[in-house]
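I opened this model to take notes on its surface, its confidence, its pockets and a couple of residues. The entries follow the order in which I looked things up.

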Amino acid sequence: MNYGTITHSCTTTSIEPIMSFYSTISEGIKDAMRSKDKERLSALRDIKSKLILEATKTGAEAESIDDATAFSILNKLYKQRNESAEIYQEQNRPDLESEERAQAAVIAEFLPKQLSEDEIAAKVASIISQMGASSMADMGKVMGIIKPQIQGRADAGAVSGLVKAALTA
């Protein structure tokens, strides 16, 4: 179990366990209810329901979902909210668009910092040179190595495009 620490001037003392991602979301729901923040509450409830749904697929408890799975769920929810907002914008529905964008912003708070295109390109170049990859036949191998390194921090489709461009250049 992970334990948090409090550092005093010259001593370190262990305290209660660090909250799981699920617990953090549950606490966020309580705070949103207290502050009557409807968009935040809706987004957090959706996150929580998706975490519970994922946990029931594997027969585990929601609190035991690993970070990679949680971030994958968050990325999916974030993309869904942005796509919905774009559709509402095209249909001239600013009320629904602003609601979706507000929920996407709440979800983004829990996502890890996204890698820039330059950082992704540097990782791609590094892996290609380490592997000695030189053709499109190596694309699957390169993606297999890079995917775990960028999971939750970059769009796999964008990374795939950069790998393809690097291998065909």
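**Entry 1: surface and burial.** The accessible surface of the protein chain comes to about 10600 Å². Carbon and sulfur atoms account for 51% of that surface. I then looked up burial. Of the 169 residues in the protein chain, 31% are buried. These are computed values, and the model is a predicted one.

**Entry 2: layout.** How many helices and strands does the protein chain have? I find seven helices and two strands. Read from the N terminus, the order is β-β-α-α-α-α-α-α-α. I also looked up the contacts between residues at least 6 apart in sequence. Of these, 51% join residues at least 24 apart.

**Entry 3: confidence.** Before going into detail I looked up pLDDT. The protein chain averages 83, and 89% of the residues score at least 70. Where is confidence lowest, and where is it highest? Strand 2, residues 12-17, is lowest at a mean of 39. Helix 4, residues 94-110, is highest at 93. Over residues 1-17, pLDDT stays under 50. The model has 21 contacts beyond four places in sequence for that stretch. Where pLDDT is low, the predicted coordinates should not be read in detail. I therefore leave the coordinates alone where pLDDT is low.

**Entry 4: the largest pocket.** I turned to the pockets next. The largest pocket has a volume of about 440 Å³. Its lining has 20 residues, and the closest to its centre are Asn75, Lys79, Ala154, Asp155 and Ala156. Which helices each supply at least two residues of this lining? They are helix 3 (67-90), helix 6 (139-150) and helix 7. Helix 3 provides the largest share, seven residues. By class, the lining of the largest pocket divides into eight nonpolar, six polar and six charged residues.

**Entry 5: Asn75.** I picked Asn75 from the residues closest to the centre of the largest pocket. Asn75 lies in helix 3. Is Asn75 buried or exposed? Its relative accessibility is 17%, so Asn75 counts as buried; the cut-off for buried is under 20%. I then looked up its contacts, leaving aside neighbours within four places in sequence. Asn75 is in contact with Leu111, Gln114 and Gly152.

**Entry 6: the second largest pocket.** About 180 Å³ of space lies in the second largest pocket. Among the residues that line it are Lys50, Leu53, Glu54 and Lys57. The lining also includes Thr69, Ser72, Ile73, Lys76, Leu77 and Gln80. Helix 2 (38-58) and helix 3 each supply at least two residues of this lining. Which helix gives the most? Helix 3 does, with six residues. The lining of the second largest pocket divides into three nonpolar, three polar and four charged residues. I note that helix 3 also gives the largest share of the lining of the largest pocket.

**Entry 7: Ala165.** I ended with a residue in helix 7. Ala165 lies in this helix, which covers residues 156-168. At 42% relative accessibility, Ala165 counts as partly exposed, because that class lies between the 20% and 50% cut-offs. I also looked up its separation from Met136. Ala165 and Met136 are 29 residues apart along the chain. Their C-alpha atoms are separated by 9.5 Å.

How values were computed. Residues are numbered from 1 along each chain as its sequence is written. This is a predicted model: local features need pLDDT of at least 70, side-chain atom pairs count only at pLDDT 80 or more; totals for chains, interfaces and linings use all residues. Side-chain values use heavy atoms; hydrogens and water are left out. Helices (H or I, at least four residues) and strands (E, at least two) are DSSP runs, numbered from the N terminus. Buried means under 20% relative accessible area, exposed over 50%, partly exposed in between (1.4 Å probe, protein chains only). On a 1 Å grid over the protein atoms alone, a cavity is a set of points where a 1.4 Å probe fits but cannot get out, and a pocket is an open set with protein on both sides within 12 Å along at least five of seven lines; lining residues have an atom within 4 Å of a point. Grid points are joined across faces, edges and corners, and a volume is the space filled by probe spheres set on the points. Ala, Val, Leu, Ile, Met, Phe, Trp, Tyr, Cys and Pro count as nonpolar, Asp, Glu, Lys and Arg as charged, and the others, Gly among them, as polar. Contact means heavy atoms within 4.5 Å. Accessible areas come from the Shrake-Rupley method with a 1.4 Å probe; for residues, only the protein chains shown count as cover. pLDDT is the predictor's confidence in each residue, from 0 to 100.
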